[in-house]
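Here is a set of questions and answers on how the parts of one protein model pack together. Look at the structure first, then read on.

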Amino acid sequence: MKKALFSDMWDLFLVKFLLTFSVLLYRTNLGLVLEQRFDITPKEIGYLISYSGIVGTASGFGVGKVADFYRDDSKVMIHFTVLLVAAILGMTFTPYIWLYVVCQTVMSFSNANLRVASTNIAIERGRNKETGVLMGLNQSVISMGRIGAPLLGGLVQEVHLVGAGLVGAVFALLACAIMVVVPPERSDSQAVGKEKKEL
């Protein structure tokens with residue numbers, strides 16, 4: 001069952017991994033990066049990190065309105081992934097702390113919408129399969145990203161201070177490219193057709 005489920009939804013799991021990896025990669029050693037780039041105090045760094053969490057939490061209340069506006073989780077995924085790439089690049093290269101805060105807000109809002117949209121698509125595509133197994137695989141993919149991101153983040157930051165942000169943006173851009181080549185809505189229709197043939 002797990003093997004069949006993974007083979008049917010490999011593209012979605014890969015996109016989920018890349019998006020999770022990109023955000024966590026950027027946040028690797030974030031405090032050290034902020035201190036060196038903007039010369040701010042640990043107290044101010046704490047404020048910025050707390051602000052990111054507050055925005056992410058508040059964004060959860062607006063996810064429903066975004067979903068109602070788009071009425072298509074696939075478009076939400078693609079559009080907010082593009083926003084995520086722009087936000088990560090903005091935070092990585094901006095010399096201004098105020099612009100960093102703006103980009104940080106965009107990233108937190110985009111990340112909240114991407115989490116909900118990807119979960120909705122996963123449940124929809126796995127509607128005739130075991131939901132528990134599906135959610136388990138989904139969390140496993142996320143956990144893999146959490147394990148690998150700190151290691152790669154530390155390595156690329158040894159090369160350059162902005163390395164983690166740049167590589168994170170590349171991973172998010174790759175996720176967007178996969179969704180363009182293999183759109184989730186096309187995958188849904190293929191899955192439905194496959195199920196009808198099996199019946």
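Q: How many cavities of 30 Å³ or more does the structure hold?
A: The model is a predicted one. Counting cavities with a volume of 30 Å³ or more, the structure holds one.

Q: How much space lies in the largest cavity?
A: A cavity is a set of points where a 1.4 Å probe fits but cannot get out. By that rule, the space in the largest cavity is about 50 Å³.

Q: Which elements give two or more residues to the lining of the largest cavity?
A: The lining residues include Tyr26, Val33, Arg37, Met91, Thr92 and Ala164. By class, six residues of this lining are nonpolar, three are polar and one is charged. The elements that give two or more residues to the lining are helix H3 (30-38), H6 and helix H9 (163-181).

Q: Is helix H6 roughly parallel or roughly antiparallel to helix H7?
A: Helix H6 covers residues 73-93 and helix H7 residues 97-125; their axes come within 8 Å and cross at roughly 155°. Angles over 145 degrees count as roughly antiparallel. Therefore H6 is, relative to H7, roughly antiparallel.

Q: How many nonpolar residues does the contact of H6 with H7 have?
A: The crossing of H6 and H7 is left-handed. Sorted by class, their contact has one charged residue and eight polar ones, and its nonpolar residues number 16.

Q: What is the handedness of the crossing of H6 and H9?
A: The axes of H6 and H9 come within 9 Å and cross at roughly 165°. That angle makes H6 roughly antiparallel to H9. The crossing of these two helices is left-handed.

Q: How far apart are the axes of H2 and H7?
A: Two packed helices are described by the angle between their axes and the distance between the axes. H2 is roughly antiparallel to H7, and their crossing is left-handed. The two helices pack at an angle of about 160°, and the distance between their axes is 11 Å.

Q: Why is the pair of phenylalanine 21 and phenylalanine 171 tilted?
A: The count of aromatic pairs comes to seven. Planes under 30 degrees apart count as stacked, over 60 as edge-to-face and the rest as tilted. The rings of phenylalanine 21 and phenylalanine 171 have centres 4.9 Å apart, and the pair is tilted because their planes stand at 45°.

Q: How many residues apart in sequence are the parts that this pair ties together?
A: Phenylalanine 21 lies in helix H2 (residues 10-26), whereas phenylalanine 171 lies in helix H9. The pair therefore ties together parts whose separation in sequence is 150 residues.

How values were computed. Residues numbered from 1 in each chain as written. Predicted model: local features only at pLDDT ≥ 70, side-chain atom pairs only at ≥ 80, totals over all residues. Heavy atoms only, no water. Axes fitted to C-alpha atoms, helices over the stretch in contact; angles between N-to-C directions. Helix = DSSP H or I, 4+ residues; strand = E, 2+ residues; numbered from the N terminus. Parallel < 35°, antiparallel > 145°, perpendicular 65-115°, else oblique. Left-handed = near helix turned anticlockwise from the far one by under 90°. Nonpolar A, V, L, I, M, F, W, Y, C, P; charged D, E, K, R; others polar. 1 Å grid on protein atoms, 1.4 Å probe; cavity = no way out; pocket = protein on both sides within 12 Å on 5 of 7 lines; lining within 4 Å. Points joined across faces, edges and corners; volume = space filled by probe spheres on them. Phe/Tyr/Trp six-rings, centres within 6.5 Å; stacked < 30°, edge-to-face > 60°.
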